[in-house]
Every structure is written in structure tokens, then in C-alpha cells.
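Here's a quick tour of one model, starting with its charged pairs and ending with a pocket. Have the viewer open as you read.

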Amino acid sequence: MFFLLLSTFLLGCTNASDKDSTAENVNDNMLTIAWPRDVGEMNPHVYNPSQLFAQSMVYEPLVSYGDGGELKPSLAESWEISKDGKVYTFHLRQGVKFSDGTSFNAEIVKKNFDTILNHMELHSWLGFLSKIASTEAIDQNTFKMTLTEAYYPTIQELAVVRPVRFLGEAGFPENGDTSKGIVKPVGTGPWILEEHKADEYAIFKRNENYWGELPKVEKIQVKVIPDAETRVLAFEKGELDLIYGEGVISLDAFKQLESTNKYETSISEPVATRQLVMNTNREQLSDERVRLALQYGFNKEAMVKGITSGLEEAADFILPTNLPYTSEIDVTKIGYDVKKAEALLDEAGWKLPKGKTVREKGGKPLEIEMMYDSAESIQKVMAETLQSEWAAIGVKLNIVGVELAVQVQRFKDNKFDINFFSNYGAPYDPHTFINIVGKEGFGFNEAISAYPNKAEIIQQIKRVPQTTDETERQQLYKAILTSLQDQGAIVPISYIKKIAIYQKDVTNFNFSANRDENPFTGISIKK
């Protein structure tokens, strides 16, 4: 799950009336998508190199994630959960066909579940899978799943793009083991993979027999364009009608394109929070007063607005409030107050010796290291800004850029002072974020070691997924999230948002509520 951090989301589309060498047949109703890497083998049950957006085009879940965390029917028309929270009974949508014409039914649902469960070493990050005691096809249209214990996020986790989506019988290899590959991508979704040339392009055609809302466009072509600047040039030439995602082009490029007034633009609701995680295992950060002083000691509003050109907004909460169970969190909001920061540092014993610029305590300087992803320009500039602002209150911040994989590993190994992090977004949160805070070996558990009520927080985290009482669950989330933030080890910086910029002839573009789902179904091209 941690390596969801490695994910990047990018989309682009174009009228096929523009000349395109990769498409043999020109189609007036085709979108062309620019993606930084190949779509992969289109296996619904595994991870990279298969791409999330493409998997979501072909394969569908039992339930889908809607705005505000509403869980909606998809391949399951309805479901019941037993009073003890252990037994889930799904009533499957009737008349659904896979793209090869075979029927979707409870037997194929069970087969998909069983092949996934045979490789739990790949999927242990998804909480409900490890709690499945049995699966059963009651009849053609009824599937039952029994858990070893209550786990409320089960329905929400069924909405994620992988690994619990459904492959048709013809896609399974002879031995039934999809972990090593599939025969062909056969799904129930609105798109069918028609043509694929690895590392160059893929073409998806509309599934004319799709049970749900039929997409407005007939085909989608996915071009592999690894370089962001090349994507911008292609867009300006009219070869791409849409650029969409997080960090897909530079903020300067987005603002420049927007300023021409030649294109339409959209910015999503928050999909995640950019955070600072302070390691309370470090002597300099073990005192809550120091952690709070650092927060008072920089102008968050000005930093976020200046660095992101207003595309992100300063965050008040460690999780966006458009996620379930987050809207009632009551925390102390910390503004910019240099005098307050200095007073807290003095109170904590970190004094500024005459003639020096760095505070000291017991002869040790107040010196801290901040780690950032060297490939992420926003993190770098924010780190430089914090370095400058904290110097003004007598704190020496050393900043070090590392590769993302190194950043992730150092965080997990507790080898950091301050680290940048962002939560996973819908449909994973809030329970996934809370889960990694509660588990050892993910960075957070160790980072909050100095919290006097850490043991209580961990127990609350363990209780949240087990309770079947909605009121208790909300109270637990409020207590956990409030305590985590108020004690200063997890600092909300800004709300990350997706951007979209598209040509005037693209209409009906909407961001998906699920961070990883494709947004293609409703898009039209004006003729």
C-alpha cells in the first residue's frame, strides 16, 4: 500500500481528425490519451506495471465509490451485512455479460476471489482480504463472504481498482493462477482493449453490450508520452485535447496554458493532504512545544499560495474533510505567529545565545534534517521556504533531496527527522491512513512515540474497524485524528488537487470521486 505513493495520474485526449500515425482507422469519435508509461498487461489482480486508469476501464467492482464516500451498487445490485459484521451477502446484477459474451455470475466472482486469496503475500495491504474465512456462491446471483472478525471498511475496500475486480473465465490461465499473468483482458467494463503495441500505444473500443451507461465516445487511444514537456507541446499543437491528473505538468505550464484563454480548465476537490511528519523519537522534536513552535514559525497560507500558484489551498486538517468520518474533527488551528513560536522554544529550554543564530540547549544546537523527494519540485521549494523561515526563529533546518524509493524506505525504517507525506485518498481513507499509523514499520507509529497517550491511540485505531456502531465509529475517528494533529507530529500543509485542461470541443468532463478511476464515460467531443 505504501507504494501508492509511487503512483502518478495523467490523461490526455484528442480529436482523431488530427493526423495520427498510430491509429490505422481514423474515427471521428475517438479520444487519445497521453500516459507516461505503457498500460501494462491489463491484469486486474496485480499491480505495476498494470496501470490503474486502464484497469478501471476494463474491470469492474462489486460496489463503487461516489462523492462524499457514498458506496453505490455496481456489479452487486445490493448487499446485506450480518449484525455481527462478519457475513456479507451480495445480490449480483443480472444480465451482465463479460466482453466475450459469457455470463457474469456468483461462480466467477468466487473464482476471482479464490485466486486472489491464494496469493495473500501480494495483497496483505488490503485489510479485509486477510480476514476472509470463506467465500460461497449461494446460487447464480448470490455471493456470500464470511470474515473472521468484523471489519467495517470491507465495502469501501471492495471499491478500489485492484485487486478485487473481475476477470472472465477466458482470461484465466489453465492453472488458474493469475499472479503470473492472464490469457487476455476480459472484463465487464465499458471498454475493451482492441489493440496494443507495448511502450507506444493502446486502443480501447467501447463495449457496445455494456450493461451500464454507454460511453459517449467510441474509442480511446492511449499514447505513451513519458516527458511532461512533450505532453504540453502535443497539447498546444492540438494533438491532445485533455491533460488531467496530479503533477502531470508543471504548475507554471498549467498557469501559462490557462492564461491564453484558449482552453477550458478544471480543478478537483482535495484528493489528499500534503503533510509534514515530525519524528518524536528525535531529541529535538520530542517536546510538543518545539513541534508547535515550528508550526507557528512559518506562514503556511503564503507558502502554499506562492508555491502552488493558488492551485492548492492551505490545509487545516491532516485528512481532507470530503472523506468519510472527517467532517467533525475539532482541532486547534495554528496560524503564523513568530512571537508565539519564539516563546514556546524559550519555554522548552532552547535559548538563543548572544551573537549566535541557532538556538541551543545543553550545548546542543537546534538542528533538524528534512527529507524530500528530489523529483518533486513542490516539496523542494517548500523545504527551502521552511529552511528560511525557521532560521528566523533560531532553528537550523538541513534539507536533503532523495529518490522517492529512498524516501519511502527511510520513513519506514524510522531514519528521518522530518518527512513529507501525503495520504492515499478515496476510497482508501480514512481507514487506510489510520491503519498505517497504528502499525509498526510504516514510519508513523514510531514517529508518535513521544505522545503520552500513544497506547490509547493505538487501541482506538484497533477498535475503529471492528465496531458495528456508527456513532462509536465517528467518535473514535474524531478522537484519533484530533489527538494525532493537536500534538504536532503530523502537520497538514496543503490539499492536493487534480487539474484538468482541455480543448474547447471537449465537454462533460468530471473528476471521479475515486482517486484512481478513469473519468471517460461522460466525456463528449463536439462535432
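## A buried charged pair

Glu 517 and Arg 165 form a salt bridge, with the closest N and O atoms 2.5 Å apart; the term asks for a side-chain nitrogen of Lys or Arg within 4 Å of a carboxyl oxygen of Asp or Glu. The two sit in distant parts of the chain, 352 residues apart: Glu 517 is in the loop between β23 (506-507) and β24 (524-525), Arg 165 in the loop between α4 (154-157) and β9 (191-197). Helices here are DSSP runs of H or I with at least four residues, strands are runs of E with at least two, and both are numbered from the N terminus. Glu 517 and Arg 165 are both buried, where buried means under 20% relative accessible area, exposed over 50% and partly exposed in between (1.4 Å probe, protein chains only).

A word on the source: this is a predicted model, where local features need pLDDT of at least 70 and side-chain atom pairs count only at pLDDT 80 or more, while totals for chains, interfaces and linings use all residues. Residues are numbered from 1 along each chain as its sequence is written, and side-chain values use heavy atoms, leaving out hydrogens and water.

## Other salt bridges

The whole structure has 29 salt bridges. One of them joins Lys 219 to Glu 194 at 3.0 Å, N to O. Since Lys 219 is in strand β11 (residues 219-224) and Glu 194 in strand β9, this pair ties together parts 25 residues apart in sequence. Lys 219 counts as buried because its relative accessibility is 17%, whereas Glu 194, at 39%, is partly exposed.

There's also a network of salt bridges that links Glu 246, Lys 498 and Arg 515.

## A covered strand

Strand β14 (residues 272-278) has seven of its seven residues buried. One side carries Ala 272, Arg 274, Leu 276 and Met 278, the other Thr 273, Gln 275 and Val 277.

β14 pairs antiparallel with β21 (residues 490-496) over six bridges; pairing takes at least two DSSP bridges between two strands. Val 277 sits opposite Ile 490 there. Five bridges also join β14 to β20 (residues 418-422), again antiparallel, with Leu 276 partnering Phe 420.

## The second largest pocket

Glu 517 turns up again here: along with Ser 64, Ser 512, Asn 518 and Thr 521, it lies nearest the centre of the second largest pocket, which 29 residues line. A pocket is an open set of points on a 1 Å grid over the protein atoms alone, where a 1.4 Å probe fits, with protein on both sides within 12 Å along at least five of seven lines; lining residues have an atom within 4 Å of a point.
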